Amino acid sequence: MSAAVELHGAAVAIDGRMIWSGAELRVEPGEFVAVLGPNGAGKSTLLQALLGLLPLSAGSAAVLGGAPGEHNREIGYLPQRHAFDASTRIRGVDLVRLGLDGARWGLPLPGRDRHAAQVEETIRLVGAEAFARRAIGELSGGEQQRLLIAQALVGGAQLLFLDEPLDSLDLPNQLAVAELLRRLARERGLTILLVAHDVNPLLPHLDRVVYVAGGRVLQGPPAQVITTETLTGLYGAPVEVLRTSGGRLVVVGQPDVHTHHGHTH
Amino acid sequence: MLSYPFMQHAFEAGTIVAVLASVAGWFMVLRREVFAGHTLSVMSFPGAAGAALAGLPLAAGYFVFCAAGGLVIASSSRLRGARSFADESAVIGTVGAAGFALGFLFLSLYGGVLESLESLLFGSFLGITTAQVWTLAAVAAGALAFFAVAGRPLLFSSVDELVARTSGVPVRLLHVAFLVVLGLAVGATAQITGVLLVFALLVAPAAAAQRLTARVGLGLLLTLAFALAIAWLGLALAYTTNHSVGFFVSTLAFALYLLCLLTNSFATR
């Protein structure tokens, strides 16, 4: 079986500044993968390059067997920091539906509605029945996140790209969403790439981690990548990985990358 | 009242404008482009003054200047996740100031005070010709056809620009097209409500409807109903009291929005 996502010697530069280079990546179908690394290292850039939103400056990429951007209809994408303003007056169910037919021209025909069942099923799948009919702006971060995942899923996506979906959530919600994603990966054979700041809520569920730091991209099983030796080599600076008594991983000394543009999205 | 041809024309024009303004306004409020809409309404001032100066029909000036204003704002403004030329609100503000200045220049070149300056600014329902009604109808038909074809992708890009773009929606093109169509809607509305009171029909019905419901179809229908009620009632009151139609339309719109705001805050308590 061919890989869901592949990078060979890939590099991305924005405004002539190299973000990362020499990236080798291979994600198999059905894998649940976390993309980790410090702020500004180019985690979001990785997803955008795979979506064809940013061109590669070197190397090659294949997504679902095609060039980046070619199969975007089969990819569900959640951009970063994606909270709706409180005054956004559109229902969750309408938002989910846009994931199905939002790109289509012309008026939706009233009457026989074969999409409605699909939308309802997806809303049930993410456990959003209770609040899907309220305005999205009134919902909590966790509720919005579930509806956005439903929107990304509803078109029958095979691949999910999620950019820091856990960022605005409290810990119980982080764990719940992580578990939902694992279930989707297992039951539906979805391939999931998730950019995360904190690996801990995801750790029990992950097949693989991708670490973006120091202009490089490294991948492997969590236990091999998130170690003092590997991360020190990647950063080129002393970094220590500690394991707490509860099994949580703490990366100490991780330098955040500062750029002139603020955060690199 | 409807036995007078001038009132028939007023009601025909008012109805067309209410339909157009409600659909365009609903999207404008959802997209948070109210400031852009305001500046487009300002553009109808140099439009009308320029047309008077050039000896062209005023309607042509309204439509050309408002649509051109939409193009200028859209082509130079920001899009999330894309390279920007300049900050959108700064561009909009500058365009608005330039529009006012240009209007004033045209007016002084025209020689003294434009006979109908007051109705230009605050609206008039007198002397609407059959030809004007037909022009309004043609522009409205074109604009509504745009919303029928592009409504769904426009909704998608209004709510979630980046995701819409990833799904293959041409968000940049839609942004430009929407502002041009909004310019046309503003140009049409300004001919009835006057330059300064366009917002009574463009913002208030949509804002009120969106306070009441988060449903798309129901929201559009409510906006339409509000706009029609405001336009018809405003015209009838202006006819019976002999005061400016713009005053009544604006007062009704304000009252409606206030009512919806109060209803909404009670309902959510």
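Here are my entries on what I looked up.

**Entry 1: chain A overall.** I began by noting that this is a predicted model. I found seven helices and 11 strands in chain A. I then looked up its radius of gyration, which is 19 Å, close to the 18 Å from the globule rule for 265 residues, so chain A is as compact as a globular protein of that length. Along the principal axes, its C-alpha atoms fill a box of roughly 60 × 40 × 40 Å. I also saw that 43% of the 265 residues of chain A count as buried. Among contacts in chain A with a separation of 6 or more, 66% come from residues 24 or more positions apart.

**Entry 2: a helix pair.** Next I turned to helix H2 (residues 92–101) and helix H4 (residues 141–154) of chain A, whose axes come within 7 Å and cross at roughly 25°. Angles under 35 degrees count as roughly parallel, and H2(A) and H4(A) are therefore roughly parallel to each other. The crossing of H2(A) past H4(A) is right-handed. Residues I noted in this contact include A:Leu95 and A:Val96 from H2(A), and A:Leu147 and A:Ala150 from H4(A). Sorted by class, the contact of H2(A) with H4(A) has eight nonpolar, three polar and no charged residues.

**Entry 3: where the chains touch.** How many residues does the contact take from chain B and from chain A? I found 20 from chain B and 20 from chain A. On the chain B side, helix H6 (130–159) and helix H7 (161–166) are the elements giving two or more residues. H6(B) gives the most, with nine residues. I finished with the classes on that side of chain B: 13 nonpolar, five polar and two charged.

Note on methods:
Residues numbered from 1 in each chain as written. Chains lettered and ligands numbered in written order. Predicted model: local features only at pLDDT ≥ 70, side-chain atom pairs only at ≥ 80, totals over all residues. Contact = placed C-beta atoms within 7 Å. Helix = DSSP H or I, 4+ residues; strand = E, 2+ residues; numbered from the N terminus. Nonpolar A, V, L, I, M, F, W, Y, C, P; charged D, E, K, R; others polar. Axes fitted to C-alpha atoms, helices over the stretch in contact; angles between N-to-C directions. Parallel < 35°, antiparallel > 145°, perpendicular 65-115°, else oblique. Left-handed = near helix turned anticlockwise from the far one by under 90°. Rg over C-alpha atoms; globule rule 2.2 N^0.38 Å. Buried ≥ 20, exposed ≤ 12 C-beta atoms within 10 Å, placed from the backbone.
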